[in-house]
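Please look over the model below before reading the points. Comments are kept to local features.

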Amino acid sequence: MPKKRDEISELEAALLRSAKQAVNGQYARVHTPEEIVRRRGRPVGSTAAVRKAATTIRLDEEVLAAFKATGQGWQTRINNALKDWLKTHQPI
């Protein structure tokens, strides 16, 4: 068990160093700006086979609040609810 104790003490020491650096306004740098390669647009492979169109829609506040309260993915859930509605209704 001494190994776990050493790992925990290393973690605690690292956390204390980080806290002291943050208090002093110093922040650890993981990568230099030259090492970070940023490309414009969506990451490769992130587009779905079925594309979606961006739109603006007005919803009642209670409807929007209820879907947002379910957490991440609330827009997808609204989309799925509308798809289900289309299965039983004809749009005008």
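The points below cover a pocket, a surface patch and a set of side-chain contacts.

1. The structure is a predicted model, and the values quoted here are computed from it.

2. Largest pocket. The volume of the largest pocket comes to about 520 Å³. Its lining consists of 15 residues. Ala53, Thr55, Ile57, Gln75 and Asn79 are the lining residues that lie nearest the centre. Helix H3, which spans 74-88, gives the most to this lining, with 7 residues.

3. Nonpolar patch. Ile57, named above among the residues nearest the pocket centre, also belongs to a nonpolar surface patch with Leu59 and Val63. Together the three residues have about 230 Å² of accessible area.

4. Leu59. This patch member sits in the loop that runs between helix H1 (2-23) and helix H2 (61-68). Is Leu59 partly exposed or fully buried, and on what value? Leu59 counts as partly exposed because its relative accessibility is 33%, and the class covers values between 20% and 50%.

5. His89. This residue is found in the segment after helix H3 (74-88). His89 has a relative accessible area of 37% and is therefore partly exposed.

6. Contacts of His89. What does the side chain of His89 meet at 2.8 Å? The partner is the side chain of Thr88, in a polar contact.

Key: Residues are numbered from 1 along each chain as its sequence is written. This is a predicted model: local features need pLDDT of at least 70, side-chain atom pairs count only at pLDDT 80 or more; totals for chains, interfaces and linings use all residues. Side-chain values use heavy atoms; hydrogens and water are left out. Patches are made of residues with over 30% relative accessible area and no salt bridge: like charges are joined within 9 Å, nonpolar side chains (Val, Leu, Ile, Met, Phe, Trp, Tyr) within 5 Å. Accessible areas come from the Shrake-Rupley method with a 1.4 Å probe; for residues, only the protein chains shown count as cover. A salt bridge is a side-chain nitrogen of Lys or Arg within 4 Å of a carboxyl oxygen of Asp or Glu. Helices (H or I, at least four residues) and strands (E, at least two) are DSSP runs, numbered from the N terminus. Buried means under 20% relative accessible area, exposed over 50%, partly exposed in between (1.4 Å probe, protein chains only). A polar contact is a pair of N or O atoms within 3.5 Å; within protein, one must be able to donate a hydrogen and the other to accept it, and residues adjacent in sequence count only if both atoms are side-chain atoms. On a 1 Å grid over the protein atoms alone, a cavity is a set of points where a 1.4 Å probe fits but cannot get out, and a pocket is an open set with protein on both sides within 12 Å along at least five of seven lines; lining residues have an atom within 4 Å of a point. Grid points are joined across faces, edges and corners, and a volume is the space filled by probe spheres set on the points.
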